[in-house]
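Please look through the structure shown below before reading on.

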Amino acid sequence: MPYLIVHEEGCIGCHTCEMVCSLSHEGVINPDLSRIHVLGYKGEKFPVMCLQCEDAPCELVCPMEAIHMQNGVRMVDDEKCIRCKMCTLVCPVGGVLYDYINNKMIRCDLCGGDPQCAKYCPMNVIEVVQDEKVPEARKRGVRVLYGEAD
Amino acid sequence: MAMFGYTGRILFVDLSSKTVKTEPTGKYAGDFLGGRGIATRILHEDPDALIFMTGPLTSFVPSGSRMDVVAVSPVTGLIGGSSTGGEFPSALKFAGYDGVVVTGKAEKPVYLRIENEEVSIESADGIWGLSAFETIDVLTRGHPDLKVACIGRAGENGVKFAGISFSHRNLASRGGLGAVMGAKKLKAILVHGTRGASPYNPLELMSVFEEIQESITNSGEFLRFKNWHVDFVPVILQLRMPYFGDYEREWEKAEEAAMKAKKFFEEHTVGRASCFSCPLRCWGIVSYRGETLPINLCQGTFPAVTFTLKVEDPELAWRIYRKCQSEGLDMMATVAVVAYASRLGKVRLGSEEILDFIERIVKREGEGDVFAEGVKKASEHFGVPAVYVKGGMESWSSDVRPFVGSALISAVADSGGVNRALYGFPEFYYYVKKEQAEKMARMFVGDVEAAYPWSYSESKVRFAVLWENLHIIADSLGVCVIALLTTPLKLWAKAFKAVTGEGITEDEFMRTAERIRTLERLFNLRHGDGRDDLSPRLFKGEVKLDREKLEGMKRLYYSLRGWDENGVPTRETLEKLGLGDLA
């Protein structure tokens, strides 16, 4: 499974990622049902989504052990999940969301390996990085984020 | 009946009786598409209404971020139409409404709150008297999901060229719609929508979304916008568009001022931004004196301050820009009024005095009260002729005298001015990209003459009619016209099919535009002084328009629209367009 890295300095806040995410997953356009979210207010904006953490707080906090890594993507077992929403509270990036229309927890599933947000982003701000390259690329992403690298 | 693309409901709010109801969109959608078309149709039913209307493609396609705002303009007594983007239009749709129609008048200042099914009219006690920026800040504090449409103090005080602000950047600026909202004592509309919008065919939409996005991002427009906000001020000078002061053709410091403005934006730009769903990123985010604000140069706001007000210092120009934005003033009209006042010796151009002068207009203090009525009324008061276009509206920031196509549209337009009909019209960029302009003219009307700014040719008229139709289609679909023009109509038709489930051809698009255009004309003939004229000053002086030739163009324009020699739609045209019931 690939990972997603956001080069937030290029984001223009057009919300296209939210549109295609909800469209491809739910068949509607609704930013509230999107697995990726554009944050920011007056000034600059950038998208955040589940980062597929190594020691994931969502997985650790779940009282029903409903969250597990499957093929490189963290999934919620709807049968086990009791909708306590603890996972939404502990996630540091707000990567888990509650779909109040269908009463279930939703999160980025990397579109089965072909992330639509990355495909449709007009500014190519969302980069798909293949699994084996992740540790380095991600570290570099973090360094760029905090201005320690060029 | 369930509708796709449209939410199927229009919200009607009557402020006098404090009642709220919804009406089905379906009864208008077939003939009038959406946005500008439906809004104009509703205005026929109730000329007191202030109408905010999205289109079927709003929030579905790239650049589908638009909404049309329509009411009777207090400046002209004719239709005041203005379009806006940003995030408010899609939020309205996500709340479950295709549009909002506000009628009546509140006793005390109120604001309207729309959260999906919950609609309430609230007291505006704490926010009446605030500027537009302050109002947005107060209403969205802690709730960044809320989208706001509001007026500043200019709208409250009935300044005739006040617009309606949508966030810190988008403004439905032209026609004095803010004064209409102020007269209704409606300070703001707050929207929060979480219902989303359903397309007819999601898979097909995914595919046509990609096609349209590719078409936009491969266009010259997308490339040009890369550094647009930095380059724009010098470019607009090369286009020979601006006028200086009170409609002068020359200003010896123009070049220098343009380069200073360019440098200012190079230094202070910290990022770029777009409206909802749009890849074009035409907003520059500027950080100046500890404040970060978005600015869009493509509508010519900053250049208008620089050139018309002869402001050499870009920092002062920025403060004037910010002043107008924060008060919710139409920049085009404001600069025209200030420039006219300078001719009367009321204010010195290029100086700090401009800021105080604008403040007096906003508050209607002293002579500010006269200037707040607009340039035509002010010229009647002072007895010194001014420049204005149809109905007495201030002209756009471009000088119409050297651009004959824009002069024609300025004289005959019924819903807003040149900016509602001729964005990116080839005659505007002729001096910079001659070949491209000629190519477009040849392609669309088979005659290079139509690309020449000075040409009064019949091909120019045909070109203008076509271009105006494209604008009407964009404004009615809820798509930004800049994006619409980059992409073949065929693709928009394909998107329309994927979103609504209804097939439409390019010809049907055009016919709908004709219908809406004639509908606008009918309204103005019925409700206002619809004479198609420009101020006499434009036909005098060294650079002037040829009245005889312009009259000839007008007659041709009328006949192409199926109107008689006086500009009145014939019965035959009305029948043909399915407007027989309005005859």
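**Helices, chains and core**

In chain B, helix α2 (residues 35–45) packs against helix α19 (residues 458–477) at an angle of about 85°, and their axes are 5 Å apart. Axes here are lines fitted to C-alpha atoms, for helices over the stretch in contact, and angles run from 0 to 180 degrees between N-to-C directions. Helices (H or I, at least four residues) and strands (E, at least two) are DSSP runs, numbered from the N terminus. The angle makes α2(B) roughly perpendicular to α19(B), a term that covers 65 to 115 degrees. This is a predicted model, in which local features need pLDDT of at least 70 and side-chain atom pairs count only at pLDDT 80 or more, while totals for chains, interfaces and linings use all residues. Residues are numbered from 1 along each chain as its sequence is written, and chains are lettered from A and ligands numbered from 1 in the order in which they are written.

Where the two helices meet, B:Gly35, B:Arg36 and B:Gly37 of α2(B) face B:Ile472, B:Asp475, B:Ser476 and B:Leu477 of α19(B). Two residues are in contact if their C-beta atoms, placed from the backbone, lie within 7 Å. Sorted by class, this contact has two nonpolar, three polar and two charged residues. Ala, Val, Leu, Ile, Met, Phe, Trp, Tyr, Cys and Pro count as nonpolar, Asp, Glu, Lys and Arg as charged, and the others, Gly among them, as polar.

Chain B also meets chain A: 28 residues of chain B are in contact with 22 residues of chain A. On the chain B side, α7(B) provides the largest share, seven residues. By class, that side has 14 nonpolar, 11 polar and three charged residues.

The largest nonpolar core has 236 residues, of which B:Ile51 and B:Leu408 touch the most other members. Such a core is a set of buried Ala, Val, Leu, Ile, Met, Phe, Trp, Tyr and Cys residues joined through C-beta atoms within 7 Å. Beyond residues up to four places away in sequence, B:Leu408 touches B:Val461, B:Ala464, B:Leu550, B:Met553, B:Lys554 and B:Tyr557.

B:Gly182 counts as buried because it has 26 C-beta neighbours inside 10 Å; the term requires 20 or more other C-beta atoms within 10 Å of a residue's own. Apart from neighbours within four places in sequence, B:Gly182 has contacts that include B:Ile151, B:Gly155 and B:Ala162.

Note on methods: Angles under 35 degrees count as roughly parallel, over 145 as roughly antiparallel, 65 to 115 as roughly perpendicular and the rest as oblique. A residue is buried if 20 or more other C-beta atoms lie within 10 Å of its own, exposed if 12 or fewer, and partly exposed in between; C-beta atoms are placed from the backbone.
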